[in-house]
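The sequence and the model are shown first.

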Amino acid sequence: MALAPLYRVADPVGRMVRVRQNRSAHRAVTRYRVLDTSGPTALVEVQPITAVKHQVRVHMALGLGCPILGDHKYSKWSSLEPQKLPRWVLTSLGLTQPAARHLGLHLHCRALVLPPPPSPPLPPTPTLLATPPPHFLHSVRRLGLQLPDTEADVPPEVG
C-alpha cells in the first residue's frame, strides 16, 4: 500500500476534499498482512519500506480506514478526540467509551532487522526481537486474537 497526502479537511464539519498532491510531500510505502481477526478487530503485521514520520499510523487510519487501537491522534480526521470504539470492542476490553481515552497506543515493534555495514567483511544481519508490552498482550487476549510464534515468523530483510 502507498499513501501520499492527497486529502485535507475543508470545513468545520470535517468534510475531506481531494487536493493536488504537494510536490514536496514524501512518498511512503508500507507492506502489511493480517495475522488474525476477531469480530471487528484484526492483528496486523506492518513493515514500513520507507521511513516517514507516523507512516504506519497514517496508513492504517487514513489509508485503510482502520486506525490502531488507542491511536487518538489519527482515529478521526477533523479533531483530536478519544477514539470511538465499537460496542463489541469496549465490552471485550471491559471498558466504557469515556475510559477509552486512557487506552494506550497498541503499536509494537516486534523485530528490528539491521542492515550489514557497507564495508567487508559482512557479518550476518543482526535481528533484535522484543516482547509486546503487558497492555498489548492483555488486549490481544481479551479480544480473542492469536499472536504468531515470535521466533518462527521474523520478517525478512527489506532490500
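## Contacts and overall fold

Among contacts in the chain (heavy atoms within 4.5 Å) between residues at least 6 apart in sequence, 47% join residues at least 24 apart. The secondary structure consists of three helices and seven strands. These elements are DSSP runs numbered from the N terminus, with helices (H or I) of at least four residues and strands (E) of at least two. Along the sequence they follow the order β-β-β-β-β-α-α-β-β-α.

The chain has 159 residues, of which 25% count as buried. Buried means under 20% relative accessible area, exposed means over 50%, and partly exposed lies in between (1.4 Å probe, protein chains only).

## Model and confidence

This is a predicted model, in which local features need pLDDT of at least 70 and side-chain atom pairs count only at pLDDT 80 or more, while totals for chains, interfaces and linings use all residues. Residues are numbered from 1 along each chain as its sequence is written, and side-chain values use heavy atoms, with hydrogens and water left out.

The mean pLDDT (the predictor's confidence in each residue, from 0 to 100) of the chain is 81, and 75% of its residues reach 70 or more. Confidence is lowest in strand β1 (residues 2-3), with a mean of 50, and highest in helix α3 (residues 134-143), at 96. Where pLDDT is low, the predicted coordinates should not be read in detail.

## Salt bridges

The structure holds three salt bridges; the term stands for a side-chain nitrogen of Lys or Arg within 4 Å of a carboxyl oxygen of Asp or Glu. One of them pairs the side chains of E45 and R33 at 2.7 Å, N to O. This pair links distant parts of the chain, with E45 in strand β5 (residues 41-48) and R33 in strand β4 (residues 28-38), twelve residues apart. E45 counts as buried because its relative accessibility is 16%, whereas R33, at 37%, counts as partly exposed.

E45 also meets R110 in a salt bridge between their side chains, at 2.5 Å, N to O. E45 lies in strand β5 and R110 in the loop between α2 and β6 (111-113), so the pair ties together parts that are 65 residues apart in sequence. R110 is buried, with a relative accessible area of 18%.

R57 forms a salt bridge with D71, and their closest N and O atoms are 2.6 Å apart. Here too distant parts of the chain are linked: R57 is in helix α1 and D71 in the loop between α1 and α2, 14 residues apart. Both R57 and D71 are buried. Salt bridges that share partners join R33, E45 and R110 into one network.

## Nonpolar core

A nonpolar core is a set of buried Ala, Val, Leu, Ile, Met, Phe, Trp, Tyr and Cys residues joined through side-chain atoms within 4.5 Å. The largest one has twelve residues: L43, L69, L85, V89, L90, L93, A100, L103, F136, V140, L143 and L145. The elements that give two or more residues to this core are α2 and α3.

## The loop residue Q83

Q83 is found in the loop between α1 (55-63) and α2 (87-93). Q83 counts as buried because its relative accessibility is 5%. Leaving aside residues up to four places away in sequence, Q83 touches P67, I68, L69, G70, D71, H72, S75, Q97 and A100. The C-alpha atoms of Q83 and A100 are separated by 6.9 Å, although the two residues are 17 apart along the chain.

## Cysteines

A search of the whole structure finds zero disulfides, a disulfide being a pair of cysteine sulfur atoms within 2.5 Å. C66 counts as partly exposed, at 35% relative accessibility, and so does C109, at 49%.
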